[in-house]
Amino acid sequence: MKVLTAQQISQMIKIGYPLVPPIRETQPFGANYLDLYRRLGLKGHNGIDWAVPTGTPVMSVCDGKVTFAGENSGYGTMIEIETVEAFRSDDFRADYDLFKMRFLYGHLQTTGVTRGDLVTKGQKIGKTNNTGLSTGPHLHFGAYPYYWVENNVYVRNRANGYGGAIDPKPLFS
């Protein structure tokens, strides 16, 4: 199945940072230190980790709608936000014409949003911590394209070895 790459998606969408720079990246997308992710069924790390003190404010990277805010066994307290806008892949060959993006913010201390809330780019949505499967206070940030299937239903194609995640770095403006 042909899906879009992070570089192709970056031609259609630019996002802000979830933390105020400067920030220290501790684990890039695709890293597989100690073969941990292979044991979890992934090729490598499915996001970016930034080490920050507990309680650091986290901001939405886009205008969007909160699709999840709560507890997850792996990511602890987390938030997922979907772009309000759907993007068209006319310029790139893919099996799907329309897609939305979902952004995951993991290992939080608190969330300042609930499912269904509309948020704006740069809006404070939570605070960092060390919840879930974590080795220290940090933010795990993931980016996932969701492709239009039919009747306004969007699905994530998980077949890329990263659970459907793409490298978020090319998307930052």
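Predicted model: local features only at pLDDT ≥ 70, side-chain atom pairs only at ≥ 80, totals over all residues.
Residues are numbered from 1 along each chain as its sequence is written. Local features need pLDDT of at least 70, side-chain atom pairs count only at pLDDT 80 or more, totals for chains, interfaces and linings use all residues, and side-chain values use heavy atoms, with hydrogens and water left out.

Start with the largest nonpolar core. A nonpolar core is a set of buried Ala, Val, Leu, Ile, Met, Phe, Trp, Tyr and Cys residues joined through side-chain atoms within 4.5 Å. Buried means under 20% relative accessible area, exposed over 50%, and partly exposed in between (1.4 Å probe, protein chains only). The largest core has 32 residues, and Met101, Phe103, Tyr105 and Leu171 touch the most other members. Helix 1 (6-10), strand 2, strand 5, strand 7 and strand 10 each supply at least two residues of this core. Strand 7 gives the largest share, 5 residues. Another core lies apart from it, with 10 residues, including Phe29, Tyr75, Met78 and Tyr154. Helices (H or I, at least four residues) and strands (E, at least two) are DSSP runs, numbered from the N terminus.

Now the rings. A pair of aromatic rings is described by the distance of the centres and the angle of the planes. Rings of Phe, Tyr and Trp (its six-membered ring) pair if their centres lie within 6.5 Å; planes under 30 degrees apart count as stacked, over 60 as edge-to-face and the rest as tilted. The structure holds 10 such pairs. Trp50 and Phe172 form a tilted pair, because their planes meet at 55°, with the centres 6.1 Å apart. Trp50 lies in strand 2 (residues 48-51) and Phe172 in the segment after strand 11 (153-155), so this pair ties together parts 122 residues apart in sequence. Both Trp50 and Phe172 are buried. Phe103 and Phe141 are stacked instead: 5.7 Å centre to centre, 5° between the planes. Phe103 belongs to strand 7 (residues 98-111) and Phe141 to strand 10 (residues 138-150), so the pair ties together parts 38 residues apart. Phe103 and Phe141 are buried too.

Next come the charges. Side chains of opposite charge can pair when their charged atoms come close. A salt bridge is a side-chain nitrogen of Lys or Arg within 4 Å of a carboxyl oxygen of Asp or Glu. The whole structure has 5. Arg102 in strand 7 bridges to Glu82 in strand 5, 20 residues apart, with the closest N and O atoms 2.9 Å apart. Arg102 also bridges to Glu80, at 3.4 Å between the closest N and O atoms. Arg102 and Glu80 are buried, and Glu82 is buried as well. Salt bridges link Glu80, Glu82, Lys100 and Arg102 in a network. Arg102 also lies over the face of Tyr146, 4.0 Å from the ring centre. Such a charge has NZ of Lys or CZ of Arg within 6 Å of the ring centre and within 35 degrees of the ring normal. Elsewhere, Asp35 and Arg38 meet in a salt bridge (2.7 Å, N to O). Asp35 is partly exposed because its relative accessibility is 27%. Arg38 is exposed, at 54%.

Finish at Thr83, in strand 5 (residues 76-83). Thr83 counts as buried because its relative accessibility is 4%. Its contacts (heavy atoms within 4.5 Å) include Lys100, Met101 and Phe103, not counting residues up to four places away in sequence. The side chain of Thr83 also reaches the backbone oxygen of Glu85 at 2.9 Å.

Key:
Polar contact = N/O pair within 3.5 Å; in protein donor to acceptor, adjacent residues only side chain to side chain.
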